[in-house]
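Here is a short briefing to read alongside the model. Take a look at the sequence and the fold, and then walk through the points below.

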Amino acid sequence: GPCGGVLVRVITTSLDPAWSFASIATGPGDPASLRRVGDSVGPWRVDSIEWDRVWLLGGGARCAATLHAGLREARAAAPPDPGGRALLAAADDAPPVWQVPAEVARGIQRRSATELLLDPRAVASIYARGVDLLAGTRLDPVRDGSQVIGVQLGSVAPDSLLDRLGVESGDVLRALDRERVASLDGVAAALADARGRRALVARLARGGAEFDLELIERALATE
């Protein structure tokens, strides 16, 4: 390929480049890892991340590693499709990477509007596939002056993990386990820490009102 075999597996974009990331492998069969703008990928450096491609710089050259080859051109030539769902479905016969597998969906039990119980096997699968299950979700930081006070969750797709958990497009994530959301790294660290505690409380804002969404691993829940 144009980027020496570099493969893009997943892309999540944001209006703020610091909140965009992609899962990239240096070649076929190589493990993928998360990269942001400025990170190295083999001999390349990530220059920018767009919804369907990652631009790389190296050796005075610039190339694009695409996620769905030809999709941008097809979208430009096709009739209006606001969500892009028809084109995305046509790009690949396989289910989208963000679609929650049946075994995970069965492991999510809603106790109330703001409390969910998760089967331990579903939790393990979510952590193993977390990047894929969040693919396509926009993460746009919400600021008060120069300070980040939350992150707006956009493009929540039907049957995605966030959709199954009751999150809606436009919801703002304010805090995780009482720690205010201030950076993408902070969000990742809080999610990793929650696995050891087997519970997570996410404070969300919707329509100007805040509420707590509590996720509890079923083995520790009181039935």
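Two strands count as paired if DSSP finds at least two bridges between them, and helices (H or I, at least four residues) and strands (E, at least two) are DSSP runs, numbered from the N terminus. This is a predicted model, in which local features need pLDDT of at least 70, side-chain atom pairs count only at pLDDT 80 or more, and totals for chains, interfaces and linings use all residues. Residues are numbered from 1 along each chain as its sequence is written, and side-chain values use heavy atoms, with hydrogens and water left out.

**The β14 and β15 hairpin**
- In β15, E210 stands opposite A205, and 8 bridges join β14 to β15 in an antiparallel run.
- The hairpin of these strands has 2 residues between them, and G207 takes a positive phi near 60° there.
- Strand β14 (residues 199-206) is also joined to β12 (residues 172-176) by 4 bridges, again antiparallel.
- Within that pairing, L176 has A202 of β14 as its bridge partner.

**The open sheet**
- An open sheet is built from 4 strands in the order β4-β5-β6-β7, with antiparallel pairing.
- Its edge strands, each pairing on one side only, are β4 (40-41) and β7 (61-66).
- Between β6 (residues 53-58) and β7, which run antiparallel, there are 6 bridges.
- V54 finds its bridge partner in A65 of β7.

**Helix α4**
- At the N-terminal end, D119 caps α4, with a side-chain oxygen 2.8 Å from the backbone nitrogen of R121.

**The cavity**
- A cavity is a set of points on a 1 Å grid over the protein atoms alone where a 1.4 Å probe fits but cannot get out.
- The count comes to 1 cavity of 30 Å³ or more.
- The largest cavity has a volume of about 40 Å³, meaning the space filled by probe spheres set on the points.
- Residues lining the largest cavity (an atom within 4 Å of a point) include W98, L133, L134, S155 and L162.

Definitions and conventions: Polar contact = N/O pair within 3.5 Å; in protein donor to acceptor, adjacent residues only side chain to side chain. 1 Å grid on protein atoms, 1.4 Å probe; cavity = no way out; pocket = protein on both sides within 12 Å on 5 of 7 lines; lining within 4 Å.
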